[in-house]
Amino acid sequence: MACIQLLPLLFCSFLYIFNLSPSYAQISSSPARSLVLPVTKDPATLQYLTTIYHGTSQEPIRVVIDLGCPSLWLYCSSGRLSSSRRLVPSCSIQCPAARPSNVSCAFSASKFTTACGLSTVNSITRSATRGELVEDILAVQSVDGSKPGPVATADHFLFSCAPGFLLNRLAKGARGMLGLGKSRIALPAQLASKFGLQRKFAACLSSSEGLVLFGHEPGYDSIVGAETSRSLMYTPLVTSPDGSGGSQDYSINVRSIKINGKRLSLGQKGIGGGTQISTTVPYTTLESSIYRTFIEAYKEAATNNYFMNLTVVAPVAPFGLCFSSKEIPSSAWLGPMVPSIDLVLQSEMVRWRVHGRNAMVPVIDEVMCLGFLDGGFNSRSSIVIGGFQLEDNLLEFNLGSSMVGFSSLLTRQTSCSDYRAKMNSL
């Protein structure tokens, strides 16, 4: 009986595979040790963007990077039509691997042409719709040691085609979102599978130019340096806050928060759930009760300190606590000399320190604001670490060991834009 049930799936896949054009099936290139995506920050939306190249013509397409998105999705009706693009039928092997909704396959000729439906989400607007799973060629730049490698082309790359309204509120010129989540059709998993790379990637975001690296340590070291790679501190990735395990987000366990070394008193509730790391949230958000305690403690540390006497000024939206920047000393690398913020992880020895550069946002002349926002009472994650706090930190997401490594480049007197410049000079 099991063999009979498998016949429709195998027959559909047989028809699908042999319907490919010869030129499409033959285009492939082996990468070097690492693959590289250059990243820029859009000043209007504060979104991080990269350019991918797809189709036989390798058309450049701007996309917004979304750390927690489960796949690449594009508005496929814009730009040039790719002759190598193919719809993935609902009864193909690829369809259930992509975890779409409402997958069914009956032994019927009409079902062979039904496109595989995939839930597609714009995480900026939190709107979702049904997309169609397709496959095409994707090209990514490679790095071989200290030299640029060949452009690596991956054929049969799976992604979703979505309607145009899903582009709402994306940066100007963006035609979709590039998912770096944990699913089998997210970019890290597909690149690892197609090119035999390690199941990990590193992200280095910047207020100007940064990068994302996929692959092996020698490729990392050619750009970030072996000493920086060894400086990474690691913490386990945890399941989604709702306990379902189905989220593609990367979350860690923050046990406590310290300001200038003093632990916040958060009551019996403490910090519930996981702390999400996000590239689409501009500034770190805290659940309302945590935020109120955090703001009061930070104000106390900043204004009633023998060595620090900041002047509080009227808040500038969307921020809730702002200071006069007059006479505040500033470090060339660490930024304004303000109270330090520590996110304490699995032990007191493992902490993510937020320096002034990643804490204070210049807003208007002689005013800077604390770059942490009220996330509301019903936020899914107690804390969401946003893009501003991620900048000039080297982050390594290891899907094989389910760990994330982090290291502040500011303490090493370098930055992600320096790495990008080094990559451009290779």
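This is a short tour of selected strands, helices and aromatic rings, to follow in the viewer. The model is a predicted one.

**Stop 1**

Select residues 48–54, which make up strand S2. Five of its seven residues are buried, so S2 is largely enclosed by the rest of the structure.

Threonine 40 stands opposite leucine 49 of S2. The two strands form a hairpin with six residues between them. Pick leucine 46 in that turn: its phi is positive, about 65°.

Next, show strand S3, residues 59–66. S3 runs antiparallel to S2, and six bridges join them. Keep leucine 49 selected. In S3, valine 64 is the residue opposite leucine 49. S2 and S3 also make a hairpin, here with four residues between the strands. Glycine 55 sits in this turn and has a positive phi of about 85°.

One further partner is strand S7, residues 127–144. It is antiparallel to S2 and joined to S2 by two bridges. Select tyrosine 53 and look across to S7: its bridge partner there is alanine 139.

**Stop 1: helix H5**

Jump to residues 187–195, helix H5. Step just past the helix to glycine 196, where phi is positive at about 65°.

**Stop 2: aromatic rings**

Colour the aromatic side chains. The structure holds 10 aromatic pairs. Zoom in on phenylalanine 201 and tyrosine 250, an edge-to-face pair with 6.0 Å from centre to centre and 70° between the planes. This pair links distant parts of the chain. Phenylalanine 201 belongs to strand S10 (residues 200–204), and tyrosine 250 to strand S13 (residues 250–252), 49 residues apart. Buried or exposed, phenylalanine 201 and tyrosine 250? Both are buried.

Now select phenylalanine 294 and phenylalanine 372. Their ring centres are 5.0 Å apart and the planes meet at 40°, so this pair is tilted. Phenylalanine 294 is in helix H8 (residues 288–303) and phenylalanine 372 in strand S26 (residues 372–374), so the pair ties together parts 78 residues apart in sequence. Phenylalanine 294 is buried, at 1% relative accessible area. Phenylalanine 372 counts as buried too, at 4%.

Go back to tyrosine 250. Ring pairs link Phe201, Phe214, Tyr250 and Phe397 into a cluster.

**Stop 3: a five-stranded sheet**

Strand S13 leads on to an open sheet of five strands. Their order is S13-S16-S27-S17-S26, and the pairing is mixed. S13 and S26 are at the edges with a single partner strand each, so one side of each has no neighbour in the sheet. On average, neighbouring strands are turned by 25° against each other, direction ignored.

Select strand S17 (residues 284–286) and strand S27 (residues 383–385). They run antiparallel, with two bridges joining them. Leucine 286 stands opposite isoleucine 383 of S27.

Finish by showing H8 again. H8 packs on the sheet and touches S17 and S26. Its direction makes about 135° with that of S26.

Terms used:
Residues numbered from 1 in each chain as written. Predicted model: local features only at pLDDT ≥ 70, side-chain atom pairs only at ≥ 80, totals over all residues. Heavy atoms only, no water. Buried < 20%, exposed > 50% of the residue type's maximum accessible area, 1.4 Å probe, protein only. Phe/Tyr/Trp six-rings, centres within 6.5 Å; stacked < 30°, edge-to-face > 60°. Pairing = 2+ DSSP bridges. Axes fitted to C-alpha atoms, helices over the stretch in contact; angles between N-to-C directions. Contact = heavy atoms within 4.5 Å.
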